Structures are given as structure tokens and as C-alpha cells.
Amino acid sequence: MLIADKLRELRHILSEVNHVVVFTGAGISAESGVPTFRSPDGIWAKFKPEELANINAFMANPQRVWEWYEHRRTVVDQATPNPGHYAIVALESLFDRVDVITQNVDGLHARAGSRRIHELHGSLHAHRCLECSTPYDLAATEEGVPHCPSCGGLIRPGVVWFGEDLPQDVWQRAETSTRECDLFLSVGTSTVVYPAAQLPFLALSLGKHVIEVNPEATDLTRHADTVLQGAAGEILPELVATIRSDRSK
Ligand code: BV8
Ligand code: ZN
């Protein structure tokens with residue numbers, strides 16, 4: 001069935017919706033030129049997560065891990081939000097409440113203008129001391145792994161590494177939004193990383209209408225109420241246009 005037909009089918013549901021959760025992964029930033037993790041040309045294709053995105057890798061070779069994150073920060077700073085990010089911002093003018101729960105660390109939702117963002121896995125733009133957790137304001141020109149001015153500890157990227165707990169306050173807000181929403185959109189995620197990947201299934205278990213937007217099938221696809229197969233930068237603007245045309249009638 002064509003996307004347009006599926007969107008028409010959604011009309012009756014969308015007209016009852018007040019609170020939307022948009023759960024995003026690396027796929028929402030793919031059209032901004034930010035590589036995803038697990039696609040064939042993705043980040044993990046070259047490096048395995050266990051090699052770099054964990055505390056042991058950092059302790060074993062701080063410089064190497066630090067450079068990898070600085071490289072990724074440079075890539076995202078040169079990227080710009082794409083029509084998918086902006087369509088999610090546009091939803092805020094169509095519904096009472098929109099919560100963006102993102103696994104991404106690239107900051108592109110904020111740069112696009114989304115106002116209620118929950119960064120489950122932290123941010124490439126936040127750094128802190130490994131020892132005393134004091135936030136560290138990185139000077140762009142800095143070379144090598146900085147040290148904490150308070151205690152001399154190593155400065156680490158402010159992302160959640162494998163084996164680390166998610167920030168509990170952020171997780172609580174994400175879980176509460178999922179429980180309270182009327183519509184749950186899962187966009188651009190392979191749905192393999194937990195506990196984040198629990199959220200679409202929690203939404204399903206609570207009877208929320210779950211829509212998946214992804215060019216590929218994932219573990220969620222066969223369970224989702226609606227599957228819009230394709231690129232977020234194309235599908236989300238179409239979804240917004242459908243809602244807008246309904247509202248203008
Ligand atoms: C935890 C930040 C409790 C860093 C990331 C053994 C020991 C410890 C834990 C575990 C273990 N085994 C399993 C676990 C749990 C583990 C986990 O889930 N592992 C997986 C791989 C099996 N989780 C954890 O460790 C979490 N913590 O469990 O703590 C604990 C504590 C101690 C001991 C035990 C348990 C922490 C997980 C967070 C890890 N940090 N990132 C960094 O960025 O470097 S994860 C990383 O994966 C990113 O955050 C990313 O967002 C996330 C998920 O990936 P996706 O976003 O989905 O990206 P992906 O490339 O996979 O998919 C992209 C999708 O987009 C594809 O489907 C593609 O088709 C689609 N797409 C492509 N183009 C488009 C598109 N879609 C739309 N439009 C397009 N144009
Ligand atoms: Zn310190």
C-alpha cells in the first residue's frame with residue numbers, strides 16, 4: 001500500500017491525538033550526512049562498539065577514543081538538520097504536546113528547534129571529568145585528552161557508553177512520556193539497543209498507536225500498528241502535510 005494511502009488511513013486516529021512521542025535513532029540524521037551505526041557504511045562497520053564506545057576502551061587508550069568522539073563532533077557540527085528534523089518541529093504546531101526521545105548524541109533535534117527533547121544517550125557536546133564528574137567546557141582549539149582543572153582527572157565525552165546506566169532523570173521522563181502519549185512514532189532506529197528499545201514495545205503494551213518510519217525492517221516492524229517504509233526526510237514532511245490538509249478543511 002502506498003504511503004499516501006496509509007496516511008489517509010491514519011487520519012481518524014490522528015484527529016484524536018493530543019500528545020505525540022517521537023522516538024528517534026541515528027536514521028533521522030542520516031539525511032544530514034551523519035553516518036548511522038549499523039548500516040553497511042555505518043560507524044560500527046569500521047569500529048566495533050566494544051572497541052570504542054565503552055569505559056574500558058577509553059581507559060585502555062584515552063587518546064584514541066577521545067579522537068574518535070572529536071571526529072564525530074566535527075562531523076555533526078558541519079551537518080545541518082534535515083526535513084525529517086524540521087517535520088518533527090512542525091508537529092509541535094499541530095498537537096498539544098510533542099516529546100522527542102532520542103538515542104542520538106548529535107544535537108540536531110535542538111538545532112532544528114524541537115523544544116521538549118530527552119537525550120537518552122547523552123551528547124557529543126557535553127564533557128565531564130571521569131573522576132569528579134564536573135562538567136567541562138571544551139575549548140574548540142584544545143588538543144588531546146584534557147584534564148579536569150579541579151582534580152586533574154581525565155575529561156570524557158558526555159555520552160552513555162555500553163554497560164553504563166542511562167541518566168535516570170532523563171529515562172524517567174522518557175518512560176512517563178511514553179506512558180502518557182496518544183501516539184508513538186519510532187523513527188530511524190534499528191531497535192537493538194536497550195533499554196531505549198523497550199520504549200516502542202512499552203507503548204504497544206499500553207495500547208498506544210505505534211508508527212514505525214524506517215527504510216528497513218527492524219524487530220519492531222512486525223509489531224507496529226502502522227509501518228511507513230522509507231526515509232524520514234521524505235515521510236515525515238508528508239505526514240505533516242496530511243495532518244495540515246485535514247486541519248484546514
Ligand atoms: C545498559 C552513545 C545497564 C555512545 C550508545 C552486556 C553488558 C552491558 C550491557 C549490555 C550487554 N549486552 C547487552 C547490553 C545492553 C546494551 C545493549 O543494548 N547492547 C546492544 C548492542 C545489544 N545496552 C547498554 O549497555 C546500555 N546500558 O544496559 O546499562 C547495565 C549496566 C551495567 C551492566 C549491564 C547493564 C547503554 C546503551 C547506550 C550505548 N550508547 N550511543 C555513542 O554514540 O558512541 S548506543 C548507539 O546505538 C547510539 O546511541 C544509537 O543511537 C543507538 C541505537 O542505534 P540506532 O540509533 O538505532 O542506529 P542504527 O545505526 O543501529 O540504526 C539506524 C536505523 O536507521 C536503521 O534501522 C536504518 O534502517 C535506519 N535508517 C537509515 N537511514 C534512514 C533510516 N531511517 C529513517 N530515515 C532514513 N533516511
Ligand atoms: Zn575532576
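Before you start, residues are numbered from 1 along each chain as its sequence is written, and chains are lettered from A and ligands numbered from 1 in the order in which they are written. In this predicted model local features need pLDDT of at least 70 and side-chain atom pairs count only at pLDDT 80 or more, while totals for chains, interfaces and linings use all residues; side-chain values use heavy atoms, with hydrogens and water left out.

**Stop one: the aromatic rings**

The structure holds four aromatic pairs (rings of Phe, Tyr and Trp, the last by its six-membered ring, with centres within 6.5 Å; planes under 30 degrees apart are stacked, over 60 edge-to-face, the rest tilted). Select Phe58 and Trp161: this pair is tilted, with 5.4 Å centre to centre and 40° between the planes. Phe58 belongs to helix α5 (residues 55-60) and Trp161 to the loop between β6 (155-159) and α9 (168-180), so the pair ties together parts that are 103 residues apart in sequence. Helices (H or I, at least four residues) and strands (E, at least two) are DSSP runs, numbered from the N terminus.

Phe58, Trp68, Tyr69 and Trp161 form one aromatic cluster. Are its members buried or exposed? Relative accessible area is 0% for Phe58, 2% for Trp161, 7% for Trp68 and 5% for Tyr69, and each counts as buried (under 20%; exposed is over 50%, partly exposed in between, with a 1.4 Å probe and protein chains only).

**Stop two: charges over rings**

Stay on Trp68 and show Arg72, which lies over the ring face at 4.7 Å from the centre (NZ of Lys or CZ of Arg within 6 Å of the ring centre and within 35 degrees of the ring normal). Then go to Phe95, where the charged end of Arg247 sits over the ring, 5.2 Å from its centre.

**Stop three: α1 and α11**

Select α1 (residues 3-14) and α11 (residues 232-247), whose axes come within 10 Å and cross at roughly 50°. Axes are lines fitted to C-alpha atoms, for helices over the stretch in contact, with angles from 0 to 180 degrees between N-to-C directions.

**Last stop: Thr191**

Finish in the loop between β7 (183-187) and α10 (198-205), which holds Thr191. Thr191 is buried at 1% relative accessible area. Leaving out residues up to four places away in sequence, Thr191 touches Ala197, Pro200, Phe201, Glu212, Thr218, Asp219 and Leu220.

Notes: Contact means heavy atoms within 4.5 Å.
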